[in-house]
Amino acid sequence: AVVVHVMGQSLLANSLGKIPATYAALILLLAPVTGAALGWVIYAEALSALEIFGMVLIMISIMAVRKNF
């Protein structure tokens, strides 16, 4: 698990220097949404209404920001 974490963080740090800060922030916001969605699909983890609301809010925010650029 340590190798995977170090490799992931290294790739993240490397990519942050190559893309605009706005897109980097949007990508980082997708990490918890993706994790929750995969947990729901793969492991049948329950999502509360508040968690689903947060995921939808993040996705709407990302779409709104992308339309402005």
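1. Helices here are DSSP runs of H or I with at least four residues, numbered from the N terminus. In this predicted model, L30 sits in helix α2.

2. L30 is partly exposed, its relative accessible area being 31%. That value matters for the surface, because patches are made of residues with over 30% relative accessible area. L30 is one of the residues making a nonpolar surface patch of about 500 Å². The biggest contribution to the nonpolar patch comes from α3, which supplies five residues.

3. Between α2 (21–43) and α3 (49–68) there is a loop, and A44 lies in it. The backbone at A44 deserves a look: its phi is positive, about 55 degrees, although the residue is not a glycine. Most residues other than glycine have a negative phi. A44 is exposed, with 63% relative accessible area.

4. L47 is also placed in the loop between α2 and α3. With a relative accessibility of 24%, L47 counts as partly exposed; the label applies because buried means under 20% and exposed over 50%.

5. What does L47 touch, leaving aside residues up to four places away in sequence? Its contacts are A36, W40, I52 and M55.

Notes: Residues numbered from 1 in each chain as written. Predicted model: local features only at pLDDT ≥ 70, side-chain atom pairs only at ≥ 80, totals over all residues. Heavy atoms only, no water. Helix = DSSP H or I, 4+ residues; strand = E, 2+ residues; numbered from the N terminus. Buried < 20%, exposed > 50% of the residue type's maximum accessible area, 1.4 Å probe, protein only. Contact = heavy atoms within 4.5 Å. Patch = residues over 30% accessible without salt bridge, like charges linked within 9 Å, V, L, I, M, F, W, Y side chains within 5 Å. Areas by Shrake-Rupley, 256 points an atom, 1.4 Å probe, with all protein chains shown as cover. Salt bridge = Lys/Arg side-chain N within 4 Å of Asp/Glu carboxyl O.
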